[in-house]
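Subject: Structure for your attention

Dear colleague,

Please find below the structure that I am handing over to you.

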Amino acid sequence: MINELKDLVMESSEDEVKSLLFQILLIMSTEQNDEDLVKDLKSTFSNFLGYKKEQKKSEDAKDIKVVHVVFGDSPSGSLKNALSDMKVLDEEKIIHFSDKFSVGPLWKLEEDTGLALRYKWLMNHLNLDEEYVCNYQQVFKESLFKIKSIPEHVKIFIWFGENSDEQTALRYVLYLLKGRTNNIILIHTTNLADTPIHTGEIEPDQLKRIYEENRTWLPLTQEERKNYEHDWLTLSNRKGNLRVWENNSLYQVADDYYDDYILQTAKKLQLDRRFIKSARLIGEVIGNLNQSIGDSYVEYRLIHLIFKGVFEMEGVPKAMRYYSVKLREV
């Protein structure tokens, strides 16, 4: 219930929240006994919930012509700004996954058992925001439900870039859409020299230009879709935790794949001589690594190297800003 109330507040407009607060303050300012006060507050709460439910029904009933699927909170927000600027938000909807598909197990992720396994691994290995972890499975399942609820007459655009996160997620979503008759068009966001490797790093005005240039492309053929679906089944039947994108292909690699790179970066920063905040080292690794794995995975490997005795540590590793590291003297 708490998570539902949080979502309710986050999805409400500023004017709606101000109106609700005013009504509550107005009730609290009146002279009445506790029983009547509680009754009025509950009535206000009930009315607001009813209003938001009716509002959601109205939004769901809109004549949606296009659904955009993106991977990550940042690209979702940027694309929303782009579509708003194009004045098409009334008929074009965005569905996104708040996840990093380049890391963590994918085994049977199309099933509940696979999602539970992935959640357990993320919770036990990555230092993630507490609220994100608590809501992870619920939010993931909501995205799945939205994907599976797309009407078959609606055109689907899937946005992706040259990285293991979006390339993995692309194959996952296409497998979820297996057998559907929707026209599916892929929008490749990072295939130009002046673009970064992930859609989340692209500004809204550039996303708008990319969409305008690609919205009339032909949809995937059935053969192309089957190839992506086969790719997903291959990934889903493996029990690894890390993927890289190289030479236009996805490769599964060992968990310690980036450990040597972390060590080389530490030596460049001369961490054999001094302590620095772990966030500085992790940022340096992420900033120069031509992959999209997220800082949480790099921190997971750094802590592993600390436990192995490769690094010394000062502080408590509850968050990057709370501890510093240096290479242990041999």
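The protein chain carries 44 positive and 54 negative side chains, and the centres of the two sets lie 4 Å apart. Here Lys and Arg count as positive and Asp and Glu as negative, while His and the chain ends are not counted; each charge is placed at NZ of Lys, CZ of Arg, CG of Asp or CD of Glu.

Please note that this is a predicted model, in which local features need pLDDT of at least 70 and side-chain atom pairs count only at pLDDT 80 or more, whereas totals for chains, interfaces and linings use all residues. Residues are numbered from 1 along each chain as its sequence is written, and side-chain values use heavy atoms, with hydrogens and water left out.

Overall architecture

The protein chain has twelve helices and nine strands; these are DSSP runs numbered from the N terminus, with helices being H or I of at least four residues and strands E of at least two. Of its 330 residues, 43% count as buried. Buried means under 20% relative accessible area, exposed means over 50%, and partly exposed lies in between (1.4 Å probe, protein chains only).

Helix α10

Helix α10 covers residues 259-268, and its buried residues are D259, I262, L263, T265 and A266. They sit on the same side of α10 because they cover an arc of only 165° around the axis, the arc being that of the directions from the helix axis to the C-beta atoms. On the other side of α10, D260 and K268 are exposed. The buried residues of α10 pack against α11 (278-288), α12 (295-307), β8 (311-315) and β9 (323-327), where contact means heavy atoms within 4.5 Å.

Two residues with positive phi

Q270 follows α10 and lies in the loop between α10 and β7 (276-277). Its phi is near 60°, a positive value in a residue other than glycine, and Q270 is partly exposed at 35% relative accessibility. N247, in the loop between β5 (242-246) and β6 (249-253), has a positive phi near 50°. N247 counts as exposed, at 69% relative accessibility.

A buried serine

S292 lies in the loop between α11 and α12 and is buried, with a relative accessible area of 8%. Not counting residues up to four places away in sequence, S292 touches K100, S102, N163, S164, D165, I197 and H198. The side chains of S292 and K100 are joined by a polar contact of 3.1 Å. A polar contact is a pair of N or O atoms within 3.5 Å; within protein, one must be able to donate a hydrogen and the other to accept it, and residues adjacent in sequence count only if both atoms are side-chain atoms.
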